[in-house]
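Please open the model in the viewer and keep the selection panel at hand.

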Amino acid sequence: MDVESTPTFPPSSTAEPVPDGGYGWVVVFSCFVQTFWLNAWTGPWGILQIALLRTTLSNSNSSILSFIGSLGISLSLALGIAAVQVARVIGARWASLLGIVLYGVGNVASGFAVHSVPGMFIACGFLYGLSVSLMYAMSNSLPVQWFDKRLGTANGVVKLGGGIGATVMAIVTGYLTDSLGVAWTFRIMGFASLATGIPAALLIKERLQPDSSFIIDWSLFKDVAFCCLFTTGVLGVFAIYAPPFFLPYVASSIGLSSSVSAGVVACFNACMAIGRLASGFACDKLGSMNTLLLTMLLNAITMMAVWSVASSLAILLVFAIFNGIANGAFFVALPTAISRHVGQQRAAGGMSIALTGWAPGLLLGNPIAGFLIDATGADRASSIGPYRPAIFYAGGTAMLSAAFALMARLRAGQKVAKKI
């Protein structure tokens, strides 16, 4: 048995064998739908943000609006442990159902709050964070109940939903904001999510009892490799949402039209979907820690060496393709690495601890980049130069994250070619 398939904290000997399929694929489909909608909001947020700045919130600025998006994303992770406790009481099916209902209601409410920054903080930021904390916690913790050897593939399919959601909605959002306005864009997103998300949530079924499958074990921090994986995520998320949030700004600054800018974002999101699925297979074939390390290196290199010189559509597309792949792979490789490392019984709790640690980076990462953009006047520039401080900030945190991924990998095994 290879190192990766042997959990550091083994499950109870009375645990039933993991089926590696069966009804698990139905659960994966349900989680696929949930991740579709949670990324259908984050993927095109940069487009929504520009639409708000140009219309209903023209007196605001990019740092404030990026903070609304960051608040929603950070809350979705900060409330992860609480979401696991809710699922422990009411079960994963009802926790997921509650999440998608709150998500749909929040989007509809956002459509009525587009003229008010405080209203958007509540309807768009707070309600999104509350709803996605439930959906994201379930989509990360349920596959490990049904899959072992195919866990990477299962996680890749689940996260593929997010990549497709981000890609499709980047195109749809660009069309809707131009034709119907930003208010109706939010409302349509809300109604569509309720129509598709509620039936999918009702299909969810747990293989383990909630009281045994959602355990928060703080002793995980005694394990050095887990601490390194935890820190990889904590640092990595400072940079992870900078491209989808600010690519439209960069594209506009180098003279690209709004439709071409939306196309660049769609390209990024499509490659993110490819990265999510491909990294799932890579986790099963190469090892999840190996895949995570390669992912974080690609993320850092593309930011520092490509995005910083993206003065034309061609170079910007190269960045969108390769960084999109790395960005998508991050959301598969890290959960898979943690789940396999801590074992089936502690996977939900271990992931909830790790995801909660993402909250500071998700809350502050994009506003810091937004502040740097505002400070350099980049949003009014006609070249890539003024964006470089924000890009190097994002790339620097990505490099630090890659360093901790390397330490986790070396802690798990010294042989470079070993599957870990």
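Helices (H or I, at least four residues) and strands (E, at least two) are taken as DSSP runs and numbered from the N terminus. This is a predicted model, in which local features need pLDDT of at least 70 and side-chain atom pairs count only at pLDDT 80 or more, whereas totals for chains, interfaces and linings use all residues. Residues are numbered from 1 along each chain as its sequence is written, and side-chain values use heavy atoms, with hydrogens and water left out.

**Stop 1: a surface patch**

Select Val86, Val89, Ile90, Trp94, Leu98 and Leu202, which form a nonpolar patch on the surface with about 530 Å² of accessible area together. A patch is made of residues with over 30% relative accessible area and no salt bridge; nonpolar side chains (Val, Leu, Ile, Met, Phe, Trp, Tyr) are joined within 5 Å, and like charges within 9 Å. The areas come from the Shrake-Rupley method with a 1.4 Å probe, and for residues only the protein chains shown count as cover. Helix 4 (80–90) and helix 5 (92–111) each give two or more residues to the patch. The largest share, three residues, comes from helix 4, the helix in which Ile90 lies.

**Stop 2: helix 13**

Next select residues 258–286, which are helix 13. Its 29 residues reach 40 Å from the first C-alpha to the last, close to the 42 Å expected at 1.5 Å a residue (1.5 Å times one less than the number of residues). Gly287 follows helix 13 and has a positive phi, near 105°.

Now display the side chains of Asp284 and Arg340, which meet in a salt bridge at 2.6 Å, N to O. The term denotes a side-chain nitrogen of Lys or Arg within 4 Å of a carboxyl oxygen of Asp or Glu. Because Asp284 lies in helix 13 and Arg340 in helix 15 (residues 313–342), the pair ties together parts that are 56 residues apart in sequence. A search of the whole structure finds one salt bridge.

**Stop 3: the largest pocket**

The largest pocket has a volume of about 360 Å³. Of the 22 residues that line the pocket, select Ile47, Arg54, Thr177, Asp178 and Ser258, the closest to its centre. On a 1 Å grid over the protein atoms alone, a pocket is an open set of points with protein on both sides within 12 Å along at least five of seven lines, a cavity is a set where a 1.4 Å probe fits but cannot get out, and lining residues have an atom within 4 Å of a point. Points are joined across faces, edges and corners, and a volume is the space filled by probe spheres set on them. Helix 13 gives the most to this lining, with five residues.

**Stop 4: the cavities**

How many cavities of 30 Å³ or more does the structure hold? There are five. The largest cavity holds about 110 Å³ of space. Select Leu38, Asn39, Tyr136, Tyr241 and Phe331, which lie nearest its centre among 15 lining residues. Helix 1 (24–42), helix 3 (62–78) and helix 6 (117–141) each give two or more residues to this lining.

Finally, select Ala242, Phe246, Val250, Trp307, Ala369, Ile373, Tyr387, Ala390 and Ile391, which line the second largest cavity. This cavity has a volume of about 60 Å³. Helix 12 supplies the largest share of its lining, three residues.
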